Amino acid sequence: MTMLTPRTPTKLAPPGRARRERKAAELEARTRLVGERLAGISARPGIEVLQSVDASRNGLTHTEAALRLERHGSNVIAQERAPRWYAQLAKAYANPFIAVLVFLAAVMYWQDPADPGVIILSVMVGISGLLRFWQEYRSGRAADALKQLVTTTCAVQRRAGSGSGPTTFEIPMDQVVPGDVVKLGAGDLIPADLRIITAKDLMVGQAALSGESLPVAKADTRTDDLGQSGTTDPVEADNLCLMGTSVTSGTATGLVVATGSDTYFGSMAGSLVGERPETNFDTGVRKVSFLLIRFMLLMVPVVFMINGFTKGDWQAAFLLGIAVAVGLTPEMLPMVVSANLARGAVAMSKRKVVVKRLNAIQNLGAMDVLCTDKTGTLTEDRIVLDRYLDVHGDEDNEVLEYGYLNAHFQTGLKNLMDQAVIDRVGEAEEVVVDARFSMVDEIPFDFARRRMSVVLNRNSIVGGTGRPEHVMITKGAVEEVLALCTHMTDRGQKVELTEQLRWHVSRIAEDNNRQGLRVLAVATRTMHTPRDTYTVADEDKLTLVGFLAFLDPPKADAARALQGLADKGIAVKVVTGDNELVAARVCADVGLTVGHVVGGTEIDTLDDAELRALAARTTVFAKVNPVQKARIVRALQADGHTVGFLGDGINDAAALRDADVGISVDTAVDIAKESADIILLEKDLTVLEQGVIQGRTTFGNTIKYIKMTASSNFGNVFSVLVASAFIPFQPMLAIMLLVQNLVYDIAQLATPWDRMDEEYLRKPRNWDAKGIGRFMVCIGPISSIFDIAMFLIMWNVFAANSIEHEALFQSGWFIEGLLSQTLVVHMIRTRKIPFIQSRASWPVMVMTVLAVLTGLFLPFSPLAASLGFVPLPMGYFPWLIGVLLAYCTLTQLLKTVYIRKFGTWL
């Protein structure tokens, strides 16, 4: 089994988690209460249920329906609507860094309305918010376009007045009310929670609610309806049909017992509106933001006080303090993060992935646990005939032939298993069968017998006996068919089915059931006295031929995709509503170590701490309901994991919302797509693996920018602090500091287009505010060593040691500071040796060259005087080259020491 090691929580519980868990508990209690109420309705006789909702089998009158619609409201559930564009726009600017930049711009404007720094900061803020807004707004519209068009009307039986007879009307589903009598047929959506009044051969697809891949049979209540007992789960009740499911075959009449938010589906949907839980990305950004703000609040007053006391010019000291605040703040961070995420979303869209919420891209890269349903993800979401076995469990073509004849000649609606048998036989064989046999009669399937039979004539023209001979072929549930058998076919011989042999063949079926296969028995009877019609009484004295075993087969590439995720450090846990045996078989087939399969009933006996421990060591959860799925997600999160959830059903919606990244598919029910952060256009783990790589690349480039900029800025400010204490003039003017930051930050706009080393992409990556602070303090001061070296060179070699020559000193440090900041990007962006073992992408290289040329050009440009620069002597540049080479060399050496000590770099 997959045992997860509890992670040292770099992701601590975010504010509001207690409130979120309290709300989840309230909603779980509500869902449980609704489930218990529906189970109670299931247990009561039909006549009592009709009386309890004040209705009759003939339906409501139009007047009664109108009054009930007014009283109970429309039959709609709570849904999360996309915020209006202006709300999305406002939210795009809700960022602590943006708040700091706006504050700094306001102070600068108050000091000098003509200050170019005001325009620079305003542009940064504007572009950052607009980038995020536009990408999320466009993705939201794309996600809306993916919603599937579904039937929006249903057939209800109503009366014109109390004395009138019933008439069937098609009405919009949102106008269905409690007490309505609904008519159901194949293909119909269940419009509300219904208590079945009558049903014939009714099969209902409940995969969206239960995860069960095959349709389930509902009770035939045309006889006495005394209610059903023995279940507390309304999904398992065979006389209830729940909103969100659909009819696959048969017909029924149902009494509406709950609508809208009072339905089982509606009780779950209540958890899907309102404020979304804070995710790993939100927590990480907040921590890093406040870490950098704390550095700023510490350093700015120190610089201000030292300059004020040593220079005596408090106004200049204040301006320098503001410039230092700007210098310490990675002012391009919101823009770089937004550009990174937007570029990631575009790249993922080319891989058939729609990103609804940009933050989910980073969460996808940080994900170290993926919880997924099995149907359609690990399996092909279709039923195939896997085996056709004789009474000894050996493959036998005769069993396949008889199974095919039964499925081929029946005239009723063929179910998924009938179709699977037919698909297994080639077209050429179909032609031969049609020639050898002709249809005489059939005994249709019903839910009481759980079998069906066809009676065929062996056509004498192709090898018959010369006299009419009819053969009955019966296919159905093992227990029911076996009870009618008196003989069996043993290697071509008909032998009596003794009690010992009966036990033996029963074990063959049970062994296949334990392997997660759905097993049907096939038996025959030769009718030596042919007639035109046959009845159920003729299904007797049968000869057992063998068994047909079906399954939803694993996808061919599922094992490889799972191994790919494992190689990326992601543990996969299967969380399904299907039964334990099927789940275990599929998981074993795709290479997962199954271990103990945990069922939903076991989860209900555990408190949160016990579930947290169990979830860590469990790979497969089966027969779990929506509440239990969400609890599993929260238990894994409480262990410090970043959890992704992949699902497409109503029963997945709450877990999708609670997960750090909710992943759904375009064929999912609408409520699942609304709850998801990411929508796959193909339900394929290989596509998801590509998304994980993109997420880690996006996160890596974001962290790269933060560490490069924060450490460089910290080093620069540290240098200003040292220089302010010993130099009789300002080491750099405020405008110079702003220009230096602007040129550097513009160069960093290429960061989203950089590549990440392959080794970095192999592991989940998470926010680590403590690690960023450590990186700033350890790596930042390296630049200060060479800044101070340049101070000494300018002071002693070029005699820039007086107020008269302060412009020369400032110009020399400006170039060295900008070029060292720009070049060290290549040292920091990789843990390898830059340019040799790892080379930046061409956009980064181009922007580096442009930044270096800009820095060298400015002191010689027409703008030099207005910015306070003077041209530098040619003798300065050999010293500059020497300082930069020494800086890069020392940084590479200390990088090796840092990695050896802390085991990480980016």
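1. Arg-68 counts as buried, at 8% relative accessibility; buried means under 20% relative accessible area, exposed over 50%, and partly exposed in between (1.4 Å probe, protein chains only). This is a predicted model, in which local features need pLDDT of at least 70, side-chain atom pairs count only at pLDDT 80 or more, and totals for chains, interfaces and linings use all residues. Residues are numbered from 1 along each chain as its sequence is written, and side-chain values use heavy atoms, with hydrogens and water left out.

2. Arg-68 lies in helix H3, residues 62–72. Helices (H or I, at least four residues) and strands (E, at least two) are DSSP runs, numbered from the N terminus. Apart from neighbours within four places in sequence, the contacts of Arg-68 include Val-53, Asp-54, Leu-60 and Val-177, where contact means heavy atoms within 4.5 Å.

3. Which residues of H17 are buried? They are Arg-502, His-504, Val-505, Ile-508, Ala-509 and Asn-512. These residues lie on the same side of H17 because they cover an arc of only 165 degrees around the axis, the arc being that of the directions from the helix axis to the C-beta atoms. The face turned away from the buried side carries the exposed residues Glu-499, Gln-500 and Trp-503.

4. Among the elements covering the buried residues of H17 are strand S11 (384–389) and helix H16 (478–483). Gly-516, which follows H17, has a positive phi, near 85 degrees.

5. The structure holds zero disulfides, a disulfide being a pair of cysteine sulfur atoms within 2.5 Å. Cys-778 is partly exposed, with a relative accessible area of 36%, whereas Cys-888 counts as buried at 18% relative accessibility.
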